[in-house]
Structures are given as structure tokens and as C-alpha cells.
Amino acid sequence: MKIYIKTFGCQMNENDSEVAKYYLESEGYEVIDNEEEAELVILNTCVVRKKAEEKFYSAIGELKKKGKKIGVMGCGAEKEKENLFRRGVNFVIGTRAIPKISEAVELIFKNKKVAFFDDYLNEIDYKNILKRNSKHHAWITIIYGCNRFCTYCIVPYTRGREKSRKMDDILEEVSNLTKTGIKEITYLGQNVDAYGKDLNDNTSLAKLLNATVKIEEIERIWFLTSYPTDFSLEIANEIANSSKIGKNIHLPVQHGSNKILKKMNRRYTIEEYIDLVREIRKIVPDASISSDIIVGFPDETEEDFEATVKLVKEIEFERLNLAIYSPREGTIAWKYFKDNIPRIIKTRRMAYLLNLQKEINRKLNERYLEKEVEVIVESESKNGFFFGRDIRNKIIAFNATPELIGKKVLVKVNKITAGPLYGEIVKIF
């Protein structure tokens, strides 16, 4: 049996696909990289944005035309559940039921429609899930779900409430991964800073980072995604005290107006957010702060938008993920707020912020010119260059060869753009 897994969405979905692959291969199924040759295609779905949801519905239609058997997992499965059977799907696996995926595959080939939605997360055998899509980097989920219930967000409904893994279990997984050549890891959670709070054993993300640093073979550690009121300055201290922890903190603000933040149910003011960034930069002076912003939220006035513009200029984010608001069925905003900002205004505001961020990016990137930075080589890009990231998560492109992937090199930056930097390797470690 040949199976292809198509992954949409976030890094957590990527990790979930790796877990699904482990369970399928453990039962003798062949997971391949070619959709055309597969008898069964599993769609690991995302519904955070309307466009993402439309993509996976479109994929279902295309697969039906090709006569493929179809499985759906991820947030789309959790949101639509058995309704997906009406679209021709053969099985549906909820976000916490991945260990049941082999059983689902077995049953559909007995011509049964299958759906699993209970919580089987405690059954996941992470210490033995050692195959990763990368030979040197691993995504590692440390906390599931989110308790924040921002009014625009579907995640708490599709991923459930926060549930942390035991710290010993995580560290054992990391240690085992190093034996396969993994030297770079990213800890994942919808709200990664909340890690450990539900365990009631004094565990925290800061303590996990401190313990991970001591694993000698690990060269670089990242974590995603932070929530402002859960971010502890203890985390910033761990970053400052270690050369292994990435000096990039992704801290979604979502808006610059207190009125809109309250409407979004973001539990901080813009003044508190700015104070937090200032405190982080005191502790980690060269910290790279990135963020997310939603444009065109219901009732967003020009004054509200200008507050966001002011924030972006003041903070000078290293990277900004911008999204136009779209109502997500089932959320508070979808139920109670009118989507009353015309598309033309949303688009104009989005374009303005995109251009502003490009200016900021170019300005910040100029600091890198003629600078030598350590980079772990990640992959080859379509334009023939190889690329990697420095400790501040800055993408740098350069000429290299495939055998350098996963290795640390010293790159001298000699060209600046508003996006990636370009340079040349001056040393291989």
C-alpha cells in the first residue's frame, strides 16, 4: 500500500505528518513522496485562514477526479468532522487522534467510513519517532492546544485546550534525535510560553530551554509561538545566557489599537506589549523581534489603523506576518461581529504595511553588510543558491554544495535586500 501525505499550514502540522508517517510505516505501509503513485492520499489540513481551508477543499476535489482514496487529518478534520464524508473522504482523524491513523487506513480498505476524534495524545511514542523530513533539524511539539480564545481564531476549537508533555519525555526525544544527526530543534506550541503550566510540577519553557542547552550535540534551539502575557523574562534570560538558543522571539501583537485588541480578546494593552519588548531588548540587546498583524478587523477605523502603523515604526520588527481579516466559522468574531471593512480598504491598508515593513527590513539588513555570521546550512533554493539562518533567524543565501547541508559555516554578507541577505562562505566549521 502506497500512501502520500500532503501537509498544509503550520510547523505543528509538519510535525504531525512526521508522527503519522511513523505510525503508518510501523504497520508496514509505504509512505512515498509522489502523489500520483499513491493509492491513498492523506491531507493534513489547516483552516486558520479562509484561503487555507479553500486549498484543502480544492485538493479533495482533484483527488476525487483521480480516483484516489482520501484521508483527512489536522484542523480541517476537527472542524468539519463527519461532514467531510459527503465530499467523498474515506476517513477523518482529529488533531489528537493521530495514533489511530493506521487503524483508519486498515478499515477503509474494508470499505468502511472511519472517524476518530478522541484524545489519544498520551499514546504517542515520541522517543521512537526519529525520522524527520530534515537530516539536521527537528520540529518538536511540546504543548498542544490553546486556552486564549481570541475572538478571530479557530485554533482553540480545532486543537483543544492546552496540554503539555512531560519535560523528561521531551528531553529523551531530543537526546534520541541527536543520535540520528539532528543538531537543531524547534519547540512548538500554539502558545509555547504556556508550556508546563498545566502540569503543576513547576515546569516551564525557561526550565526546558535550560535543560536542552546541556545536551551537547544540540547546536541551536528555537521556539514558536509566543503569547505576550505568557512570555516570561526568565525565557529572555535563558536566551541571553546561551549561545545555542536563537535570539529571535516571535511575539504576535495582532494590532496597534487597544480598542481592537480588546475586541480581539487579546489580554494586554499596546502599552504593556511595548514595555515587554523593551524589557526583552534590555536583557537580549540583539534580540530579533518578529510579529503577526491582522488588517481590517471589524470596526477598524483609520485611527485604529494608524495606531498599528505607529507601533510598527516604533518597534521595527525584523519580520512581520500580515493577514487580511477573514471571518472563521465558529469563532466569536464570526458569530457576533459584522465584517464591515470593505475589501478595498483592507487591501490598501495591507499594501501600506507591506511597503513600510520592506523599508524597515532594508534598514535593519544594512547592519549586516560586511559582517561575518555563523549560519547552519538548510537547503538549496530554486535560484541555485543555498541558504541558512544566523542566530537571529536572518535568512542568508550563498553558494555552497549539498554536502554542506546541516553544517555550520561562517558567511560574510556582501549584498543587502529587503528580504534575504547574500554572502560568501569564508569558513566551514
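Colleague: In what sense do strand β15 and strand β16 pair, and over how many bridges?
Modeller: This is a predicted model. Strand β15 covers residues 386-389 and strand β16 covers residues 395-398. The two pair in the antiparallel sense, over four bridges.

Colleague: What is the order of the six strands in the open sheet, and which are the edge strands?
Modeller: Here the pairing is parallel, in the order β2-β1-β3-β4-β5-β6. The twist averages 20 degrees from one strand to the next. Two strands pair on one side only, β2 (30-32) and β6 (114-116).

Colleague: Which residue in β5 stands opposite V72?
Modeller: Strand β4 (residues 69-74) and strand β5 (residues 91-93) run parallel, joined by two bridges. V72 is set against V92.

Colleague: Which strands does helix α4 touch, and what angle does its direction make with that of β5?
Modeller: Helix α4 spans residues 101-108 and packs on the sheet. Its contacts are β1, β3, β4, β5 and β6. With the direction of β5, that of α4 makes about 170 degrees.

Colleague: At what angle to β1 does helix α1 run?
Modeller: Helix α1 (residues 11-26) lies across β1 (2-7), β2, β3 (40-45) and β4. Relative to β1, α1 runs at about 170 degrees.

Colleague: How far apart are the end C-alpha atoms of helix α10?
Modeller: Helix α10 has 14 residues, 270-283. At 1.5 Å a residue, α10 should span 20 Å. The model agrees, because the end C-alpha atoms are apart by 20 Å.

Colleague: Within what arc do the buried residues of α10 fall, and what do they line?
Modeller: Buried here means under 20% relative accessible area. The buried residues of α10 are I270, Y273, I274, L276, V277 and I280. Seen down the axis of α10, they fall within an arc of 155 degrees, so they line one face of the helix.

Colleague: What covers the buried residues of α10?
Modeller: The cover includes two strands, β11 (248-250) and β12 (288-295). It also includes helices α8 (233-241), α9 (258-263) and α11 (302-315).

Colleague: What distance separates the centres of domain 1 and domain 3?
Modeller: The domain assignment gives domain 1 as 2-121, domain 2 as 124-366 and domain 3 as 369-428. Taken over C-alpha atoms, the centres of domain 1 and domain 3 are separated by 35 Å.

How values were computed:
Residues are numbered from 1 along each chain as its sequence is written. This is a predicted model: local features need pLDDT of at least 70, side-chain atom pairs count only at pLDDT 80 or more; totals for chains, interfaces and linings use all residues. Side-chain values use heavy atoms; hydrogens and water are left out. Two strands pair if DSSP finds at least two bridges between them. Domain bounds come from an automatic or database domain assignment. The expected span of a helix is 1.5 Å times one less than its number of residues. Buried means under 20% relative accessible area, exposed over 50%, partly exposed in between (1.4 Å probe, protein chains only). The arc is that of the directions from the helix axis to the C-beta atoms. Contact means heavy atoms within 4.5 Å. Axes are lines fitted to C-alpha atoms, for helices over the stretch in contact, and angles run from 0 to 180 degrees between N-to-C directions.
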